Amino acid sequence: MSETTERADVRDGASTRKGPIPTLLGVARTARPRQWVKNVLVFAAPFTAAQITNVDVLVDAAVAFVAFSLVASSVYLINDAVDVEADRAHPTKRNRPIAAGVVPIPLAYASAVVFFGAGLGVGFLADWRLLIVLVVYEAVQLGYCFGLKHQPVIDLVIVGSGFLMRLIAGGVATGISLSQWFLLVTAFGSLFMVAGKRFAEVMLYERTGAKIRSSLKKYSASYLRFVWATAAAILIMTYCLWAFEQQQRVPGTVWSVISIVPFVIAVLRYAVDVDGGNAGEPEEIALRDRVLQVLGAAWVVTLACSYYL
């Protein structure tokens, strides 16, 4: 079957699903609620500051979580509307609601505006400075959607910056200052995951010949392996420095140092998926890898012990 015929089949199949309910469900799918798991980073600031049990702080962090989720969804809608033709040529992305014709492109843009406005409205409930972070995030991501995604290295940095902005959003919303070491942990951790995702896409291209962005064709698998390996090394180093800093801040406890063990093992475990070219979406790996979940829980427990024991 030719590519043209396949596209026609997709559109014909989509036409049988037209209607308000399928369209609304398509908008909801395009908003990608599964990826909201990334936004738990807004809770990192109160957690690492031993304020996670402070109800007022927790409420502000929850507000930041909802606000960032709504704003991020607006970006996903715009991204899929811009990439509609490329997605239709992709073996899996062609099933996305916009590419499949379930959600009209004008509706996707209108929904993005609604999500963004709702995100700003919710964010204002926590702190007006959170709005600055949200607007900067939206502006940077729109630059990515409308062209910067095709610039090698720049695309890695922009996607990685999204994780860092989530961390900053949590700090701004709760009024908690963030450690410089933890900021570096987040920055290089995000670069590690983004480079791993790009590595998986390049591997898919080499295996199946699937259509990918022109910027990805400028990457080699060896270069991306170099990037995520370098990022992993710096990630582990900066986390160790942060853990020892925490030990000095809370004298008499070794739990923050002990947390290095599950953290490093988790990074190495995730690297197995990266090296195998299976690190498509970080949240998907986190949700399906039980060992990684246990390591994550052990890491959280050891940090909690360092603050509350």
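**Figure 1. Arginine 88 is buried, with a relative accessible area of 18%.** Here, buried means under 20% relative accessible area, exposed means over 50%, and partly exposed is anything in between (1.4 Å probe, protein chains only). What you're looking at is a predicted model, where local features need pLDDT of at least 70, side-chain atom pairs count only at pLDDT 80 or more, and totals for chains, interfaces and linings use all residues. Residues are numbered from 1 along each chain as its sequence is written, and side-chain values use heavy atoms, with hydrogens and water left out. Now look for glutamate 85: its side chain meets that of arginine 88 in a salt bridge (3.1 Å, N to O). To count as a salt bridge, a side-chain nitrogen of Lys or Arg has to be within 4 Å of a carboxyl oxygen of Asp or Glu. Glutamate 85 is partly exposed, at 40% relative accessible area. Helices (H or I, at least four residues) and strands (E, at least two) are DSSP runs, numbered from the N terminus.

**Figure 2. Aspartate 127 and arginine 129 pair up through their side chains in a salt bridge.** The N to O distance here is 3.0 Å. Aspartate 127 is buried, with 16% relative accessible area, while arginine 129 is partly exposed, with 42%. Why can pairs like this form? Side chains of opposite charge can pair when their charged atoms come close. A search of the whole structure finds six salt bridges. Some of them join up: Arg32, Asp80 and Arg96 are linked in a salt-bridge network.

**Figure 3. Arginine 198 forms a salt bridge with aspartate 155.** The closest N and O atoms of this pair are 3.2 Å apart. Arginine 198 lies in helix α9 and aspartate 155 in helix α8, so the pair ties together parts that are 43 residues apart in sequence. Is arginine 198 buried or exposed? Arginine 198 counts as buried because its relative accessibility is 2%, and aspartate 155 is buried too. The helix holding arginine 198, α9, covers residues 180-208.

**Figure 4. Leucine 148 sits in the loop between α7 (128-145) and α8 (154-174).** With 36% relative accessibility, leucine 148 is partly exposed. Which residues does leucine 148 contact, leaving aside its neighbours within four places in sequence? They are Gly143, Ile154, Asp155 and Ile158, where contact means heavy atoms within 4.5 Å. Leucine 148 and isoleucine 158 are ten residues apart in sequence, and their C-alpha atoms are 8.4 Å apart in space.

**Figure 5. Two residues other than glycine, alanine 50 and valine 153, have a positive phi.** Most residues other than glycine have a negative phi. For alanine 50, phi is near 60°; for valine 153, phi is near 75°. Alanine 50 is in the loop between α3 (44-48) and α4 (55-82), and valine 153 lies in the loop between α7 and α8. Alanine 50 is partly exposed, at 24% relative accessibility, and valine 153 is partly exposed, at 38%.

**Figure 6. Helix α11 (residues 221-249) packs with helix α15 (residues 290-308).** Their axes are 10 Å apart and meet at an angle of about 25°. The axes are lines fitted to C-alpha atoms, for helices over the stretch in contact, and angles run from 0 to 180 degrees between N-to-C directions. That makes α11 and α15 roughly parallel to each other. For reference, angles under 35 degrees count as roughly parallel, over 145 as roughly antiparallel, 65 to 115 as roughly perpendicular and the rest as oblique. From α11, Tyr239, Trp242, Gln246 and Arg249 meet Trp299, Leu303 and Tyr307 of α15.

**Figure 7. Two spans that UniProt lists as "transmembrane region" are residues 57-78 and 181-200.** The listing comes from an unreviewed entry, and such annotations may be inferred rather than shown by experiment. Residues 57-78 are 100% helix and 0% strand, and their end C-alpha atoms are 32 Å apart. Residues 181-200 are also 100% helix and 0% strand, with end C-alpha atoms 29 Å apart. Zoom out and you'll find 15 helices and zero strands in the chain. Of its 309 residues, 46% count as buried.
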